[in-house]
Amino acid sequence: MAETAQKTIKSSEIDTKFKYEISKMRGGEKLMRCFQCGTCTSDCPIAKFSDTYRPRQIIRMTQLGLKDRVLKSDTLWLCASCFTCTDRCPQDVEVASVIRVLRNLAAEQGHIPQVFKEECASILESGYAYRIPELRIKKRETSGLPPLPKGNPESIRKTLKEVHLLKHMEKKGE
Amino acid sequence: MFLGCAIPYRVSAFEVSARKVLGKLGVELVEMPEFNCCGLPLDPISHETMLILAARNLALAEREGLDIITLCPGCAGTLKKVNKMLKEDKALRDEINCHLKEAGLEFKGTQDAKHFMQVLIEDVGLEKIKNAVVKPLTVLKVAEHNGCHILRPKEFIGFDDPEDPKTLKTLVEATGATCLDYMDETECCGAPSVGVNDKIALQLAREKLNHIKAVDAQAMITICPFCHIMYDTNELRIEKMFNETYGIPILHYPQLLGLAMGMKPEELGFSDLRVDTSKFMKQACEGEK
């Protein structure tokens with residue numbers, strides 16, 4: 001994002017309504033309070049080792065309305081959701097939640113990293129985020145563990161059938 | 001008992017040891033055949049899906065009139081957060097209940113969700129734990145690692161102090177071992193970034209291992225399956241990749257407590273650990289002589 005952020009900003013790429021759109025969503029309410037102090041970036045464990053991930057920059061770009069740049073950016077997916085930024089923000093901005101709101105919007109536009117597609121498919125199929133190997137299930141018995149709960153994938157699918165994103169993904173065959 | 005996904009997938013030693021320890025401390029666990037993923041893995045792409053999955057689990061526990069205990073802090077954090085959100089926001093509760101109704105379920109907000117560590121300190125109690133210790137591990141010096149989701153975001157979790165957490169230290173010291181202070185104790189393990197950017201994740205894990213090595217910790221004690229994978233499974237890889245030497249065993253807290261309660265390593269899933277624990281076990285046994 002550091003590179004994309006340095007590009008000249010053209011007025012045509014600014015969506016002035018974007019910040020209001022985000023502020024209306026759960027977790028994004030306090031976006032406008034950010035005064036760019038940089039506590040989030042300086043305390044971010046990911047920013048420490050990444051040349052591109054800067055939560056402060058993501059917040060500023062969102063406030064400015066650089067919708068496409070933010071939503072299409074790969075760095076948006078680097079946040080580890082440790083919530084250190086949220087807990088330390090002097091303005092009470094839920095930084096990690098704003099990033100989650102942005103990711104949800106990016107996902108609606110079809111930008112979903114493969115790892116999430118796989119977890120989603122696995123949950124709908126088995127109730128678990130990962131496909132638990134047969135060997136593991138058998139090993140439970142020898143380790144003295146109770147059988148792995150079978151879950152009720154059918155019931156899960158029923159509760160999720162009206163979720164907009166999942167309907168959309170299904171249509172696209174994902 | 002809420003297992004979540006990571007534990008049955010690849011961290012069964014945590015479950016084996018936690019069940020042993022809880023059983024001996026008199027906590028009765030009820031198996032829940034219909035529980036599903038807590039929802040957290042899908043929060044990044046669909047907050048709504050996360051809310052529904054979490055609420056479904058809570059509604060199932062409510063139907064049985066039981067509180068939920070989880071071993072994974074990610075699950076505990078998610079279930080606590082959604083429980084609080086739905087209890088306090090009627091409009092949201094109604095919205096989520098519309099989805100649950102499709103499967104004949106309803107969230108009412110009558111039960112609680114807690115992590116294993118919280119159950120130990122709040123429900124079992126420190127006195128009872130100390131009384132159960134028959135082989136105090138007084139010769140051991142170890143470091144704890146809480147992980148993020150057991151503590152943050154503070155507003156929803158409301159347990160311990162995220163900037164200076166004390167619970168795990170207290171529980172480690174209840175076994176007789178010394179719990180060492182070290183630099184950046186509350187720093188994230190990096191696990192959530194695995195799959196998106198492995199290099200950053202491993203650099204974070206390496207930094208933590210360096211800080212723990214600097215204080216000569218004989219082991220690291222974790223209470224999260226993801227943190228455990230990050231350090232135990234990756235320790236050898238990090239050693240090779242960054243030309244480091246650690247040899248520091250990574251133990252699930254109930255494994256440490258189990259040893260102090262007189263259980264044998266084989267009963268506590270020690271054979272599942274990747275990092276060699278033979279030197280550590282020798283040190284632990286020295287205290288008995």
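Modeller: In this predicted model, chain B is divided into domain 1, residues 6-116, and domain 2, residues 127-286. Taken over C-alpha atoms, the centres of domain 1 and domain 2 of chain B are separated by 25 Å. Their contact draws 25 residues from domain 1 of chain B and 26 residues from domain 2 of chain B. On the side of domain 1 of chain B that touches domain 2 of chain B, the elements giving two or more residues are α1 (6-10), α2 (12-24) and α4 of chain B. Of these, α2(B) gives the most, with nine residues. By class, that side of domain 1 of chain B has 14 nonpolar, five polar and six charged residues.

The helix to examine closely is α5 of chain B, residues 90-101. Helix α5(B) has twelve residues and reaches 16 Å from its first C-alpha to its last, close to the 16 Å expected at 1.5 Å a residue. Its buried residues are B:Ile96, B:His99 and B:Leu100. These cover an arc of only 100° around the axis, which puts them on the same side of α5(B). In an α-helix there are 3.6 residues a turn, so residues three or four places apart point the same way. The face of α5(B) turned away from the buried side carries the exposed residues B:Lys90, B:Ala91, B:Asp94, B:Cys98 and B:Lys101. What covers the buried residues of α5(B) includes α3 (47-64) and α4 (73-88) of chain B, together with α11 (153-160) of chain A.

How values were computed
Residues are numbered from 1 along each chain as its sequence is written. Chains are lettered from A and ligands numbered from 1 in the order in which they are written. This is a predicted model: local features need pLDDT of at least 70, side-chain atom pairs count only at pLDDT 80 or more; totals for chains, interfaces and linings use all residues. Helices (H or I, at least four residues) and strands (E, at least two) are DSSP runs, numbered from the N terminus. The expected span of a helix is 1.5 Å times one less than its number of residues. A residue is buried if 20 or more other C-beta atoms lie within 10 Å of its own, exposed if 12 or fewer, and partly exposed in between; C-beta atoms are placed from the backbone. The arc is that of the directions from the helix axis to the C-beta atoms. Two residues are in contact if their C-beta atoms, placed from the backbone, lie within 7 Å. Domain bounds come from an automatic or database domain assignment. Ala, Val, Leu, Ile, Met, Phe, Trp, Tyr, Cys and Pro count as nonpolar, Asp, Glu, Lys and Arg as charged, and the others, Gly among them, as polar.
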